[in-house]
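Hello,

Here is the structure I said I would pass on. My notes on it follow below.

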Amino acid sequence: MKMIKEKVREWDRVIKLSRKPTKSEYIMVAKITGLGIVIIGAIGFLIRIAIQLTGVIL
Amino acid sequence: MGFLHRFEHILTRLPEVERPRYALSFSDRIKWTGFILVIYFLLGEVALYGLDPRAVDLFENLRAVIAGKFGSVISLGIGPIVTASIILQILVGGKLIDLDLSNPRDKLIYSGTQKLLAIAFTIFEASVMVLMGALPGLNNDPHYQLLIIAQLTFGGILIIYMDEIVSRWGFGSGIGLFIVAGVCAEIAVGAFNPLPAVKGEAVPSGRIMAFLYFLFNNQTRFDLLVPILGTLLVFAAVVYAESVRVEIPLTYGRFRGAKGRYPIKFIYASNIPVIFASILMANIQLWASMLERVGYPLLGEFAGNRPVSGLAYYIQRPHPVYSPDFDPIVALVYSILLIGFSILFSKFWVETAGMDPKTVAKQLQSGGMVIPGFRGDIRIIEKILNRYIPSVTILGGAAVGGLAAFGDLTGALGGGTGVLLTVGILYHLYEQMAREQLFEVHPMLRRFMGELGI
């Protein structure tokens, strides 16, 4: 039991020590990955809807 | 002189994508990546000719990881490529095949073997899927079965070479691009598809569109929006978790002044553990269904491709929270197993990928990474690292597993694991593009960076 308590204390210390992203950093990463998802998602969306509409291949 | 060296002349003469002879500009790389992306989506729409409608996607909850599109010529996705490289890494890493990757001749043999193995796995996996009934030919007519295997093999080989094009002429790797493409399309179509799932139905299959449709008929169906919310929440959490760093204070006992900071990612083993965990759980499902098919339902019985009892029932991807047949016990057991396996594979990956304290200490000591003001003795660096790396390995693995489970429970579009991988891959892709863009502006910098081998 003691070992677990010690482990948890260790994890807690690491979490406290870790550097959390600043607001601007967080927004930047969110914007970049969000933009990537939107662009690639849009391309995939257009292709799939175009084909589903024509119903040619499916 | 290993076993493979005898086949050197074959292995190094396999057809391969030409390497660019001049430095590619940023926009060239964008064009190539976009070009392959469109072709990948189009391939996903080419249905397999002669496929029986009874086809069942056994790897349904693995789809985010193996990409491809079920029922199309790329139904196998990147499964064969990934399987080939994992096996080769184990064989070379475990010294079962003696290839020294630092010498260029062996490197050529390694990539030749990898390609051949990937092609072999494509044919093997295609045959297994067809003959085992996952992708059956029309009323099991052998002609159709052979035709389907041929189409799958053709699609698989295309994927192998498209991956090579992206890796040499585009950004990042083809495998990363295909995973991201599949998940992004899933999110976009799953949310905004105005067309009904089945011809003739009125309700659009895109969840936001369906919600609006019901709103117009003054019915408020908020349950439709839960997956949208789930997707956004997992996205927000993963962006946060990916940016957390643990800065290890390498203060040196006797010299108070010598203070160095070595930042490591909180998600230390990145997404690899959750990929291995979901592959393991999917395989257990596969063996369970095969056992039942052979008549010994040891791991559980199935109704169609959904398990109804036994271990398989508890290890399947749970129905999302809002769905009528949501089973809290399954959700709990599934989450605990996914998190547990993620932690296990996180430890496994840190050991085998050379991220353990000893290896990292050696790297720091040998000058690859210069910590300002700190030239500590290797044993001391290792001791300090040992206080942090084991915790971050476990915490990172648990965080990744937890996020994936949360995504699956809320029915996040593209799946929890899918969103997780997509954010991770896109972020590393951005870092690579930023470095390229940086060189574009300062060619002089490129020469300087070139020498450091960054």
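Asn218(B) is exposed, with a relative accessible area of 72% (exposed is over 50%, buried under 20% and partly exposed in between, with a 1.4 Å probe and protein chains only). This is a predicted model, in which local features need pLDDT of at least 70 and side-chain atom pairs count only at pLDDT 80 or more, while totals for chains, interfaces and linings use all residues. Residues are numbered from 1 along each chain as its sequence is written, chains are lettered from A and ligands numbered from 1 in the order written, and side-chain values use heavy atoms, without hydrogens and water.

Asn218(B) is not a glycine, yet has a positive phi of about 30°. Its place is the loop between helix H8 (207-216) and H9 of chain B (helices are DSSP runs of H or I with at least four residues, strands runs of E with at least two, numbered from the N terminus). Ser270(B), also not a glycine, has a positive phi of about 45°. Ser270(B) sits between strand E2 (261-265) and helix H10 (272-294) of chain B, in the loop, and is partly exposed at 24% relative accessible area.

On the interface: 43 residues of chain B are in contact with 31 of chain A (heavy atoms within 4.5 Å). There are three salt bridges between the chains (a side-chain nitrogen of Lys or Arg within 4 Å of a carboxyl oxygen of Asp or Glu). Glu186(B) forms a salt bridge with Arg48(A), with the closest N and O atoms 3.9 Å apart.

Regards
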